[in-house]
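Subject: Structure handover

Hello,

Here is the structure for you to look through, with my notes below it. Please read them with the model open beside you.

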Amino acid sequence: MSLFINRDYLRLLKLFHPLKSSRLNKHSSALTTNLTKKKMRAKLEGDQRNDTLKQLDTSGWKLVDDRDALSKTFLFKDFNQAFGFMTRVALLAEKLDHHPEWFNVYNKVQVTLSTHDLNGLSTYDSQMAQFMDQCASGTKENNK
């Protein structure tokens with residue numbers, strides 16, 4: 001397991017490497033504007049929302065009471081496994097520019113997903129939840 005975490009950790013470090021960031025900053029405003037226009041996030045509504053929530057409910061995701069968001073608690077064997085999970089999710093979050101709210105203590109990771117600029121759930125939240133389930137499926141602990 002530590003081999004995978006080290007590889008994931010190195011990928012994460014490359015994302016935040018200062019030289020790489022400074023090279024990208026020269027063109028970042030134009031790129032960000034173009035990408036934002038192309039990647040419009042759509043709020044989950046109607047049948048698509050119902051189908052998505054039904055599917056995610058079977059894997060343990062629950063709607064949050066006071067807002068339009070999903071939550072789930074993942075339990076892992078130890079901190080190393082939990083941190084590896086978070087690292088893999090962080091790589092996808094950077095790629096999608098869609099970041100989870102999460103809290104980690106030792107082997108527990110509590111996650112809340114919502115698309116803040118839409119004030120609700122989007123297809124990005126569904127994609128992120130499914131990816132998290134796939135990442136955690138190889139662990140020995142049960143997920144809540």
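Strands here are DSSP runs of E with at least two residues, helices are DSSP runs of H or I with at least four residues, and both are numbered from the N terminus. Two strands count as paired if DSSP finds at least two bridges between them. In general, strands of a sheet pair through backbone hydrogen bonds, either parallel or antiparallel.

Strand β2 (residues 70–75) pairs with strand β4 (residues 108–113) in the antiparallel sense, over 6 bridges. Within this pair, Ser71 has Thr112 of β4 as its bridge partner, and Leu75 stands opposite Lys108 of β4.

Phe103 stands opposite Gln110 in β4, and Glu101 stands opposite Thr112 in β4. The hairpin of β3 and β4 has 2 residues between the strands, and Tyr106 there takes a positive phi near 45°. As background, most residues other than glycine have a negative phi. Asp97 is not a glycine either, and its phi is positive, about 55°. Asp97 lies in the loop between α5 and β3.

Next, the helices. Helix α5 (residues 79–96) packs with helix α6 (residues 123–136) at an angle of about 155°, and their axes are 10 Å apart. Axes are lines fitted to C-alpha atoms, for helices over the stretch in contact, and angles run from 0 to 180 degrees between N-to-C directions. Angles under 35 degrees count as roughly parallel, over 145 as roughly antiparallel, 65 to 115 as roughly perpendicular and the rest as oblique. α5 and α6 are therefore roughly antiparallel to each other.

The contact (heavy atoms within 4.5 Å) is made on the α5 side by Phe85, Arg88, Val89, Leu92, Ala93 and Leu96, and on the α6 side by Tyr124, Gln127, Met128, Phe131, Met132, Cys135 and Ala136. By class, this contact of α5 with α6 has 11 nonpolar, 1 polar and 1 charged residues. Ala, Val, Leu, Ile, Met, Phe, Trp, Tyr, Cys and Pro count as nonpolar, Asp, Glu, Lys and Arg as charged, and the others, Gly among them, as polar.

Helix α4 (residues 46–58) also packs with α6, at an angle of about 20° and with the axes 11 Å apart. α4 and α6 are therefore roughly parallel to each other. Which residues meet in α4 and α6? From α4 they are Gln48, Thr52, Gln55 and Leu56, and from α6 they are Thr123, Ser126, Ala129 and Gln130. By class, the contact of α4 with α6 has 2 nonpolar, 6 polar and no charged residues.

Finally, confidence. The chain has a mean pLDDT of 76, and 68% of its residues reach 70 or more; pLDDT is the predictor's confidence in each residue, from 0 to 100. Over residues 19–38 pLDDT stays under 50, and the model has 3 contacts beyond four places in sequence for them. Where pLDDT is low, the predicted coordinates should not be read in detail.

Residues are numbered from 1 along each chain as its sequence is written, and side-chain values use heavy atoms, with hydrogens and water left out. As the model is predicted, local features need pLDDT of at least 70 and side-chain atom pairs count only at pLDDT 80 or more, while totals for chains, interfaces and linings use all residues.

Regards
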